[in-house]
Each structure stands twice: as C-alpha cells, then as structure tokens.
Amino acid sequence: MKQFAELFEVLDRTNKTNDKIEIIREYFSKANDDDKIWVLYLFSGGKIKKKFNTSRLKEWAIEYANIPKWLFDESYNSVGDLAETISLILPDKEIHTEKTLSEWIEYIEDINKVKEENRKEKIIEAWKSLNQNEKFVFNKLLTGGFRIGVSQKTVINALSELENIETNIISHRLMGNWHPERITYRDLLNSENIRDEISKPYPFFLAHPIEDKPEELGNPEDWQAEWKWDGIRGQLIHRQGELFLWSRGEELVTEKFPEFERIKNFLPDGIVLDGEIMCYENESPLPFNLLQTRIGRKNVTQKILKDAPVVFMIYDVLEMDGVDIRFKTLKERRELITNYELRITNGMFLKISKTIDFQSWDELRLIREKSRENLTEGLMLKRKDSAYQVGRKKGDWWKWKIDPLTIDAVLIYAQKGHGRRADLYTDYTFAVWDNGELVSFAKAYSGLTDKEIKEVEDFVKRNTLEKFGPVRTVKPELVFEIACEGISESRRHKSGIALRFPRISRWRKDKKIEEADSLESLKKLLK
Amino acid sequence: MSSTNKLLHFTKKGIYCPQAQVYIDPWSSVDKAIITHAHSDHARPGSNHYLAHKKSVPILKHRLGKDINVNGIEYNESIEINGVKISLHPAGHIPGSAQVRLEYKGEVAVVSGDYKLEDDGLTEAFEPVKCNTFVTESTFGLPVYKWKKQKEIFDDINNWWRQNKEKGKASVICGYSLGKAQRILFNVDKSIGRIFGHGAVTIINEAMSNEQLNLPLIEKANSTFTKKDFVGSLIIAPPSAIGNPWLRKFEPYSLGYASGWMNIRGAKRREGIDIGFALSDHADWNELNTAVKETGAEKIYVTHGYTAVFVKWLCENGFNAEELKTEFIGESDQE
C-alpha cells in the first residue's frame, strides 16, 4: 500500500506526461504482480465493486476523530475533497501492518460481505493501520472517486517501454472485460494474440487551423470543403470479422460503443475508415456533452445507449480489401466511399460526411456562417489531390473554425473550488441584465491566470455582501467576457438558457457593469 | 475593535496597554511599540520607540530603517513602565520571536504574536506562560493541519535534494526569507551538496550573523556563478521566486515550497511547484489547543487565521474565547 500511495502522490505532483510515464514505469518495475494488475485496472477506469456510502464514512470519521460535525464541515470546505479531509483529521497510524494494495482491496471487498453494523469497526481498524497518505488512497478506493490524472495512453506508454511491447498491442491486450480477480498481470500482458495485428490503427492525419483568409489557399476548385463535426475523431477498423474503434487519442474505445458491433453485418471486411464519433438522431447532430456520458465509463448502460444515440460520420477511407490506400488522392478515396454509399447508409450507425459545393471563397464564407446552426464547429478544407499523411502536417488539410460566441457578464456569486483550486474562490456565477436586474445565467471556472485568480480572490473577500454556506454573494462590479460554443433553451435554468462549454475568455477591466449584455440579446442567439 | 479588557484594549492602531501606554505589534505609527517578531505584518515602520528581543533588533533595523529607536532585551528580563511589569518569552516562531507578558496588580496578559511549539533546533523553544488573558493566532486553526515531526520533513527534503542531484538537477526550495530560510539552512543535510541563497535570504543571514546563530555561510546565487555551479545544489529562495524568471538560471531544477499550506493537495498544485513540504513556523491544530490550555487563561482572544472556527471550538470546549480583528496576516506569500 505504501508503494501505491507514494505512486499516487508523485503522480499528483507533476503534470508532465513524460514524468508520469517514467514514474509509472518505475512503479511497475518494482511492484508485485498482484498489485500491478489492480493498478492497471484502476488506471483504466475500473472500480471496486461496491461504493461505500460517503455520509456513513463521514459519520464514522467524525466519531473516530472526536470532533463536532460543524468542524468537519469547515475542514471539508477548506480542503475540497472528502477522502483527503478524512485522511487529515484522523489520528496518526496506531497499528502496524504491512498489507499490500491487493490485500487492502480484498479487505474492502470483504467489508462488503459483513453485516452493516460490523462495517464501521472494519473501516476504523483500517484507518488505524494506515498513515495519512495511505488513508487518503484507501478512502479513494472506498468512495470510488479515483481520478488519477493519468490517461490510459500514458499507462500504455509506460508499460510499452518496460515490457518492450508495441503500444497498440498493449492497448489491445488491455481491452475487454478482464478483472484482476480472474487474470494475472503476466497473462494479461503476454497473451500472444493474433488479434494484436488486426486491431492496429493508422496514425491520424491532423489539420492546422486557418485564420480568416482561405484565399491564400489558391483556387477553390482544388479544395474539398465539408463540415467540421463536433464529436470525437475516430478510426473504425473492420478486419477478419472483428470491429475496432480507436479515438484520436489512440485509445481503443470499441467497448464504449457496443451498438457499432452491428456495423459488421453490412460493412465489407478489410476496411479502415476515418471519421467522427458523434451523437446523432433524426438526421441531426446532438450536443457534444451527450457524447461525454459515454467516455470515461467502464460500463455503458442501456439507458446511456438510448439517451445518447451515436453514429460514425465517415470522412475518409484508409484501407480497402485489406490494402493500405492512404497514398491515393483524396478525390479517389472519396469516390471509393461514395461507391459504398448505398450499402453503408442503408445500415444504421454509419453516415458519410457530405462535401459542400462552392464556387468561390466568399460563397464558402457565407456557408461557414451557418456552422453553428448546423451544430458544427466550422469547416474542413482538404486539398483534393492530397494523400492521407501522418500527424499534423501543414499544407493539405486545414480547419476553419468559427469564433466562439462571447458575452459580457457580471460576477455575482463566488464559491470555493475543488481539487487544484480548493480553498480559493474560483467557481464563479455570472449574470446579465434582464429588465434592470442582474439574473444569473452561467457558471464558469477556467480561463483566468493564477494571478488573476488571486486578484478576484481579494476582491471577493473584500466585497462579500452575503454568505450562504460556501457561496458568497459579491458586489456586482467585475465584468468578464464569457465565451461559449452555443446557446440553447433550458428549462433547468432560471434564465431559460444554457450555454455550451462556457469559459472565461478575459477579464474586461475596461467595462462597467452597465455595459454587460442583456438576457434579451442572448435569447436572440438561440437557434 | 470595541472589545476591552483590564490590561489590554483593542484599538484602531492595534493591541494597546493603556496603563503602560504601549502598543504590541501596532499597525499604525505610535509612540511606544513592543514587537513580537520582525515579520512585516507584526513590525511596521513609523513608531517612535521600539522594544523587542535582542535578536530581533538587527532585523528590525534592516527592515524598518537603521535610525529607528529600538531597545533589545533578553527573554525573562523584565522592565517596568508605570507599574506594569513587561517581559518577553520565547514564542518558538523564528529566532528572537517573543510572547509579550504584561503584569499589573496581579493580573497577567500574554500576547503571543506568532508561535509554534515544536523545537526547530535554531529558534529558542516556545515556553508556556501562565496568564489570565491570552492572545493567540489561529493561522492553522483547523484539524486538517497537523504537522509531521520536523525530522520526517527534513528527511523528505534531503531525499528530494539527493534525488535531484542524482538526476543532475538543482533543487530550489522556497520559504520565508526571515525564519523559514534559516530553519531550512540549519536543518538540511549539508553533506549532500553546495547551498546557495537568494539575495533576500543572504541579506537576512548577514543581519542575523551577529547573533551567534551558528548558521553556515552560504553564497548569494548571483551571476558570478554559472548553471554548472548550480547542478546538484540547493538554492534557498523566498516564495516570491515562484513563477519568477530569476529561476531560469538554475535549469534544470526542481521547485519545492516549504509552508504549512502544503499540507493540502489543492494548495500544492495551485502554486505551480514540483513538491510541497508542510513545514510551518506556526502552531498546528494540536499545538494551538495545547498552548491555550497550558496558559490556564480565563479569557482567550483569537486573532489572524481561522478565527471564527477556533473561537467556536474553544467556546464549545469550555473556554471563554472571543474573536479579535487584527491586521496580522499569518502565513502567506508576503513577508
């Protein structure tokens, strides 16, 4: 457990991917196999079977620490993380034990088996045998709130270096519904598998952003334009009767989209498609945040399948009849896709991204203005005679994104943040004018520098009008520009609107609150 | 600041003893000021007369001006003003830091300034002083602040330095230039490598050097040295160095921060540092409670920090405690 708690602590310290890879590699080179398989499982988003009721844990911690509830709550407000708060207020380690991570996990699973009234005793006994760091990790295991800030890709890179196995093979071996109780670390990683090769994706070809001057690209006739759909870029592979879906982060996400399995029934074998994974219904895209319900979850439930219907929007074809055709021109590859059009679109879950006809750049410029209306992020421009290259190369592929919407809004509430920003007022609520009153319409967190955060912090402390629990009402004085990707109607919000991906784009120190936007003007932006 | 007490009045200018006509750590200029220690939120310029512990005198002169009128006395040495017996007692916060004890007609009040209970080896260790009225800080007045033993923290610091050295990196550790920096310098394992100081640190070291602190001499990390000199070394710098281009000359380096706030993960990550060490010169939750108890005081005034929380806690535990608004800051980025 000590090793794992240390691993967690050092990973927490750094945000450099290379350092993380090094740290994980180091851990895996030392830890025992029983622990390693659990760490792999946890790092892949796996959870311990049953989550503990957090209010119970809190109760027991308060009792064991022998402090009043209000003092616990004050502490929690200041720390911003329940598992950490509990680990800090409890007395020091009292019992000496040397349990490993996997033994502690077993211990936790066993607690679930004993009667409710005996659980407290088991938990407190555990707290007594762990130091502060270990208590923290143990509590995280109990509450299922493990966010390690390590992507599966980082873990895969680390393992690849250590085990000397290619990354995409490791990705593949980590796929599936394996569980540490049923497979060993060695068996999982060394499962020589014929499927290793067939799941292999091609590196993605990525576009560069273009500013507002497509004219510089030359003759419009040489260019293909299409919508830049707002989903997750992906590669769909159908080889030897099996289907694999890779995200642009080169993560294998096949399991998050179980309905795609049916694509095998009508998509020819030996094909690799490049496209966008997106939520889509009734011939229209759905908001991006629906898609997020699919990602980062080990199990995709029936409800999610129903609420977040998905399609794979095809941009390009990279392999056909088992042959790499990336060298062909875009025009040729495009024809190959459209030849399949009938077969493909008759089936479900596959769409072909339509190209946009245009004669001049000015005409395209007008079309681009409809991007938001069409729920896209803008346009893609691809040279018709371009091959499918590797990585982000300048010249042949460009993205011409629309500018975000911006709104000038007034800061009216502030609340302490969580995690990195615990103990600072960094959760802000903003308001716009409605009939001479300021009404709240959005919350936003990111976008300020640490220095600005400190400035706002000082302002909040000096200009608090009221306190409701952790929320402070502040004097309306500061104006911020809020950027967002779109505005839609919402019955959940008092203002009647909801913003997509709101964030603070800058602090308008030059503006007075009278100059902030009005709700009326925002409603005009509704689709 | 309407609160009154027999011995102490709490006025706009600070904590005041009307019988002796002295202020303790006033935040405006006054005639007579007794200074608990030389951190800038406690020692402010502009007063006519200052009284402090002998070790504080050179720092006060350095910070408030060479020409200030300041008297230094020893711990437990008492002076009398208009019938009030005044003496200083070790507060354990930084070298020379003192609790101020005032006694008049059998009534005793103690203003503790900033303090910690653990003996750090360099600072005169805190001594509990029995009193009727006790004024305490509460910078870390939450039960989530409980310090590890100093030895464990310095083991961590030494290990971090050693590992950085192995990787060919410099180790930059930030902490208050007055107090924390010397505590670090005094306690780190000097056999690991060479130690440098930021100018703000070395100048305080010099000011303190007359006071027989037994501090090893360290060089100022200035442009006479090249990157090669810094490889594997430890550089002690003030917190203001975090995020400052001054750090570039040490590249590649690892950046550490020694402060009580580092006990919380969120605070560590917020600072943009590589590693945080929860090394504080203030009392933690347990120490605050112990200190209050040991004074035996009937009345506790709680100043800077988690005042409301600590007052409520003390009252629930049978103490007569009250919040006192002051302009002291406690442990922050500013000194």
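## Where the two chains meet

Colour by chain and begin at the boundary: 7 residue pairs, both at pLDDT 80 or more, are in polar contact between chain A and chain B. Keep in mind throughout that this is a predicted model.

Colouring by residue class shows 13 nonpolar, 4 polar and 12 charged residues on the side of chain A that touches chain B.

Next, show both faces together. Chain A puts 29 residues into the contact and chain B puts in 23 residues. The size of an interface is often given as the accessible area lost when the parts come together. For chain A and chain B that figure is about 2200 Å², with 53% of it on carbon and sulfur atoms.

Which residue of chain A does Arg265(B) join in a salt bridge? Select Arg265(B) and Glu84(A): the closest N and O atoms of this salt bridge are 3.8 Å apart. The rule finds 3 salt bridges across the interface of chain A and chain B. Side chains of opposite charge can pair when their charged atoms come close.

## Inside chain B

The assignment gives domain 1 as 9-144 + 281-323 and domain 2 as 150-277.

For a close-up, select Arg183(B) and Asp281(B), whose side chains meet in a salt bridge at 2.6 Å, N to O. The count between domain 1 of chain B and domain 2 of chain B is 2 salt bridges. Polar contacts across this interface come to 6 residue pairs, both at pLDDT 80 or more.

## A ring pair to zoom in on

Over all chains, the count comes to 34 aromatic pairs. One of them is Trp160(B) with Phe277(B), an edge-to-face pair at 5.4 Å centre to centre with 65° between the planes. Trp160(B) sits in helix H2 (residues 150-166) of chain B and Phe277(B) in strand S17 (residues 275-277) of chain B, so the pair ties together parts that are 117 residues apart in sequence.

## Back to chain A

Bring chain A back and colour it by domain: domain 1 (2-143), domain 2 (205-401) and domain 3 (405-523). Between the C-alpha centres of domain 1 of chain A and domain 3 of chain A there are 35 Å.

For the last stop, pick Arg56(A) and Glu59(A), which form a salt bridge at 3.6 Å, N to O. These two are 3 residues apart in helix H4 (residues 54-65) of chain A, which means that about one helical turn separates Arg56(A) and Glu59(A). To go on exploring, note that a search of the whole structure finds 54 salt bridges over all chains.

Conventions
Residues numbered from 1 in each chain as written. Chains lettered and ligands numbered in written order. Predicted model: local features only at pLDDT ≥ 70, side-chain atom pairs only at ≥ 80, totals over all residues. Heavy atoms only, no water. Contact = heavy atoms within 4.5 Å. Buried area = accessible area lost by both parts, 1.4 Å probe. Salt bridge = Lys/Arg side-chain N within 4 Å of Asp/Glu carboxyl O. Polar contact = N/O pair within 3.5 Å; in protein donor to acceptor, adjacent residues only side chain to side chain. Nonpolar A, V, L, I, M, F, W, Y, C, P; charged D, E, K, R; others polar. Domains from an automatic or database assignment. Phe/Tyr/Trp six-rings, centres within 6.5 Å; stacked < 30°, edge-to-face > 60°. Helix = DSSP H or I, 4+ residues; strand = E, 2+ residues; numbered from the N terminus.
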